[in-house]
Amino acid sequence: MEDLYCKIYVDTDMSQNQFLDFIAKTINGYIELRTVFHPFFEIDVVNNQDASPLQAISYVDGFLYYPYYLDIEPLDNIKREAYIASIAMLLMTLWDIGSKAVAACDFENELPKQTARANTQVCPYKIYDYRGEPACSP
Amino acid sequence: MAIILGELMKNHHMPQGLNETQFETLSNVVRQYIQRLDIGDDIVIQGSRASFTALPTSDIDIGIRVGKEKFDAFLHTRFKNTNRGSAKERTMLYAIATGKIQCGEAGLRRIRRELEKMLGMEVDISVIKHGGIFDSLPVISLLPQSH
């Protein structure tokens with residue numbers, strides 16, 4: 001069975017509560033402790049215990065040292081494509097506000113890349129934003 | 001004096017900030033869940049709640065300590081579909097280097113959330129390799145499972 005768990009490392013100046021609010025607003029979910037609930041998936045906002053501002057900028061694998069990561073898991077009632085599109089939208093929203101965000105999951109090659117988005121907004125398939133507008137195309 | 005010392009010793013087998021009922025419930029919930037996954041039964045409280053340096057906002061760190069072979073086998077299972085050169089592969093290499101498989105990658109997110117709801121505090125639960133950099137003292141062993 002495919003593992004749809006996904007971790008997104010995030011570098012942002014927001015506090016954990018601000019970040020939780022931001023995630024909740026972005027996916028139209030609600031917060032309980034440090035989890036944001038959506039009808040089709042759940043996101044935990046975790047303080048990265050290995051966070052290090054210096055290592056985050058000086059190492060090739062600097063994202064491992066970002067101050068937060070998101071633990072994301074789908075619920076049973078979501079289609080794979082819709083779930084991955086939701087994560088893609090979340091990633092692009094984070095990039096839009098100037099945060100650094102790197103997804104680490106089995107399907108990360110199906111997600112948009114930050115460098116590509118900066119110029120051409122290339123995605124593996126068409127992605128729509130929360131208003132139903134096309135946000136990113138192949 | 002002996003009575004006070006006895007109470008202190010007794011309390012130091014309890015993680016800071018948890019009462020006996022909470023610790024017993026936590027122990028039972030974690031042991032039952034972990035038993036199903038067949039990772040190991042050497043499960044401990046680590047970090048500030050074990051060293052009695054926790055702040056009210058500190059999380060509680062739970063480590064499932066396993067030997068090298070078990071760690072490698074579990075790592076292989078959890079990262080089996082990892083693509084070469086991917087961020088997930090970097091995460092896997094980091095887990096190997098540190099001897100720690102974090103909660104999400106270990107498939108322990110649901111139990112973490114259940115514990116957080118139960119205790120009203122942040123919980124970290126991960127798989128720790130014996131002798132790795134996160135296999136550090138002091139620790140408090142979880143209570144044996146009660147039926």
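## Burial and overall form of chain B

Buried residues account for 33% of the 147 residues in chain B. A residue is called buried if 20 or more other C-beta atoms lie within 10 Å of its own, exposed if 12 or fewer do, and partly exposed in between, with C-beta atoms placed from the backbone. The structure is a predicted model, in which local features need pLDDT of at least 70 and side-chain atom pairs count only at pLDDT 80 or more, while totals for chains, interfaces and linings use all residues. Residues are numbered from 1 along each chain as its sequence is written, and chains are lettered from A and ligands numbered from 1 in the order in which they are written.

For 147 residues, a compact globule would have a radius of gyration near 15 Å, and the 16 Å of chain B agrees with this. The radius is taken over C-alpha atoms, and the globule rule is 2.2 Å times the number of residues to the power 0.38. Along the principal axes, the C-alpha atoms of chain B fill a box of roughly 60 × 30 × 30 Å.

Six helices and five strands are found in chain B. Starting at the N terminus, their order is α-α-β-α-β-α-α-β-α-β-β. Helices (H or I, at least four residues) and strands (E, at least two) are DSSP runs, numbered from the N terminus.

Two residues are in contact if their C-beta atoms, placed from the backbone, lie within 7 Å. Of the contacts in chain B between residues at least 6 apart in sequence, 66% join residues at least 24 apart.

## Confidence of the prediction

The predictor's confidence in each residue is the pLDDT, which runs from 0 to 100. Chain B has a mean pLDDT of 90, and 91% of its residues reach 70 or more. Over residues 4–10 of chain B, however, pLDDT stays under 50, and the model has zero contacts beyond four places in sequence for them. For the complex, the predictor gives an ipTM of 0.88 and a pTM of 0.87.

## The side of chain B that touches chain A

In the complex, 16 residues of chain B are in contact with 19 residues of chain A. On the chain B side, the elements that give two or more residues are α5 (87–98) and α6 (109–119). The most comes from α5(B), which gives five residues. By class, this side of chain B has three nonpolar, six polar and seven charged residues. Here Ala, Val, Leu, Ile, Met, Phe, Trp, Tyr, Cys and Pro count as nonpolar, Asp, Glu, Lys and Arg as charged, and the others, Gly among them, as polar.

## Helix α5 of chain B

After α5(B) comes B:G99, which has a positive phi near 70°.

Which residues of α5(B) are buried? They are B:A87, B:K88, B:T91 and B:A95. Seen down the axis of α5(B), its buried residues fall within an arc of 105°, so they line one face of the helix. The arc is that of the directions from the helix axis to the C-beta atoms. An α-helix has 3.6 residues a turn, so residues three or four places apart point the same way. The cover over the buried residues of α5(B) includes β1 (6–11) and β6 (100–105) of chain A, together with α4 (68–78) and β3 (100–101) of chain B.

## Backbone angles in the loops

Most residues other than glycine have a negative phi, and most peptide bonds are trans. A:N28 has a positive phi, near 60°, and is found in the loop between α1 (16–27) and β2 (30–32) of chain A. With 10 C-beta neighbours inside 10 Å, A:N28 counts as exposed. A:L33 also has a positive phi, near 55°, and lies in the loop between β2 and β3 (35–37) of chain A. A:L33 is partly exposed, with 15 other C-beta atoms within 10 Å.

In chain B, the peptide bond from B:L137 to B:P138 is cis, with omega near 0°. B:P138 belongs to the loop between β4 (123–129) and β5 (140–141) of chain B.
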